[in-house]
Amino acid sequence: SRPLSVWRYRELLPVDIPPVTLQEGGTPLYHLKRIGEEIGLKNLYAKHEGMNPTGSFKDRGMTLGVSMAIQLNMKMVACASTGNTSASLAAYAARAGIPSVVLLPAGKVAIGKVAQALMHGARVISINGNFDRALEMVHELCISHGIYLLNSVNPYRLEGQKTIGYEVIDQLGYVPDRIVLPVGNAGNISAVYKGLTEWLDLGWIDTIPKMTGIQAAGSAPVVRAIQGDLPSVVPDASPETVATAIRIGAPVNGEKALIAIRKTGGIAESVTDEEILSMQRDLARLEGIGVEPASAASVAGIKKLQEIGMIDSDEEIVCVVTGHLLKDPQTVIAQCSPPIEIDATLPALLSALQ
Ligand SMILES: Cc1ncc(COP(=O)(O)O)c(/C=C/C(=O)C(=O)O)c1O
């Protein structure tokens, strides 16, 4: 039998050549025992996408996207990014042996992600503007210069990311009642929904989980559209959150996310930066699961939804935690009290441990 991975599901993936791969997917599914007890949810799980080759779920989309670039004989790939897409694109382009260009919003990208994009050899351009402006610029660049655009507006990115739902069902042995994801450009929630509708159409499953999207309170255009019952997403001109990965005001997949949430009886909710950082700490200290701030939003969101009575406490719930703790060490250092400094003597150590 095939190992748990993106290409385990290759018959449902649209690439004809041997794929460009870093053995992505096959990430752990953890039962959140202590956090679940604390918030009153017995069957709460976290799918740790930070355990992918470059530390986020983006690798699932990039193995498809960069493979398609090679299949289409493209000579260069590009993206705008809040960080993880650029880190993943740089690594997969290097794996494929083609050049990459990434556009980042100046001063708003976690340092681990910038380090990855640089070390993997991408041309890293820092623009004096938001992610949304960077996306406009890279779109124009790709159209005018025949470069392959690999943001989640590229459908092949979503093809790879739809495997998250497949792995969750293969790992649980049943379809969960709800899948919760942090939402930025809204590609991931749309991708997971698309994949599950395909399994439903194939008759492999007979229900689809409630798709639940969580955003930061300062950057929540999808939440506003769902809670305001709007026909489409109204962009947020000045998104702001410590969870810089999801600091996106104009989600390119916004409309697809509205469909995913509405068609499945799901929910969209926002959480504050404090709730995000508090849950990042709880995941690390109560469960041993290290994630970056944006990833903790999904668990912080289900906690809030449970507290306001929106969740049936018997539900089987999977929260996708999307990126590794190491991506954003600066935010961690800013949150934690510093190491205790002592002289290199045992008495000093013993007194420090009092
Ligand atoms: C850790 C983490 N968690 C959640 C999201 C939101 O996923 P989408 O809703 O599919 O966008 C992102 C997105 C990052 C970028 O958009 C980028 O890297 O440019 C992320 O890095």
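Predicted model: local features only at pLDDT ≥ 70, side-chain atom pairs only at ≥ 80, totals over all residues.
In one of them, six strands are arranged in the order β1-β2-β10-β7-β8-β9, and the pairing is mixed. The edge positions are taken by β1 (29–31) and β9, each of which pairs on one side only. Averaged over this sheet, and with direction ignored, neighbouring strands are turned by 25 degrees against each other. Within the sheet, strand β2 (residues 44–48) and strand β10 (residues 317–321) are paired in the parallel sense over five bridges, and tyrosine 45 is placed opposite valine 318 of β10. A parallel pairing over five bridges is also found between strand β8 (residues 210–216) and β9, where isoleucine 214 has glutamate 269 of β9 as its bridge partner.

Although β9 is an edge strand of this sheet, the strand, which spans residues 267–271, is mostly covered, five of its five residues being buried. Its side chains are divided between two directions, with Ile267, Glu269 and Val271 pointing one way and Ala268 and Ser270 the other way, and all of these residues are buried.

Helix α8 (residues 187–201) lies across β7 (178–182), β8 and β10, and runs at about 175 degrees to β8. Because angles over 145 degrees count as roughly antiparallel, the direction of α8 relative to β8, at about 175 degrees, falls into that class. Helix α12 (residues 293–307) lies across β2, β7, β8, β9 and β10, and its direction makes an angle of about 150 degrees with β10.

The other open sheet consists of four strands in the order β5-β4-β3-β6, with parallel pairing. In this sheet β5 (123–127) and β6 (148–149) stand at the edges, and each has a single partner strand, so that one side of each is left without a neighbour in the sheet. Strand β3 (residues 77–80) is paired in the parallel sense with β6 over two bridges, alanine 78 standing opposite leucine 149 of β6. With β4, strand β3 pairs in the parallel sense over four bridges, and here alanine 80 has leucine 103 of β4 as its bridge partner.

Strand β4 (residues 100–105) is largely enclosed by the rest of the structure, because six of its six residues are buried. Ser100, Val102 and Leu104 point one way from this strand, whereas Val101, Leu103 and Pro105 point the other way, and burial applies to all of them.

As regards packing between helices, the axes of helix α3 (residues 84–96) and helix α4 (residues 111–119) come within 8 Å and cross at roughly 20 degrees. The two helices, α3 and α4, are therefore roughly parallel to each other, and their crossing is left-handed. Asn84, Ser86, Ala87 and Ala90 of α3 make the contact with Lys113, Gln116 and Ala117 of α4. Serine 88 also lies in helix α3 and, at 0% relative accessibility, counts as buried. When residues up to four places away in sequence are not counted, serine 88 touches Thr54, Lys58, Asp59 and Met62.

Tyrosine 166, which is found in helix α7 (residues 163–172), is buried, with a relative accessible area of 0%. With residues up to four places away in sequence not counted, tyrosine 166 touches Tyr9, Leu12, Gly195, Leu196, Glu198 and Trp199. Isoleucine 333, by contrast, is found in helix α13 (residues 329–335) and is exposed, with a relative accessible area of 63%. Isoleucine 333 and alanine 46 are 287 residues apart in sequence, and the distance from C-alpha to C-alpha is 24 Å.

Finally, the structure holds zero disulfides. Cysteine 319 counts as buried, at 0% relative accessibility, whereas cysteine 336, at 32% relative accessibility, counts as partly exposed.

Key
Residues numbered from 1 in each chain as written. Heavy atoms only, no water. Buried < 20%, exposed > 50% of the residue type's maximum accessible area, 1.4 Å probe, protein only. Pairing = 2+ DSSP bridges. Disulfide = S-S within 2.5 Å. Axes fitted to C-alpha atoms, helices over the stretch in contact; angles between N-to-C directions. Parallel < 35°, antiparallel > 145°, perpendicular 65-115°, else oblique. Left-handed = near helix turned anticlockwise from the far one by under 90°. Contact = heavy atoms within 4.5 Å.
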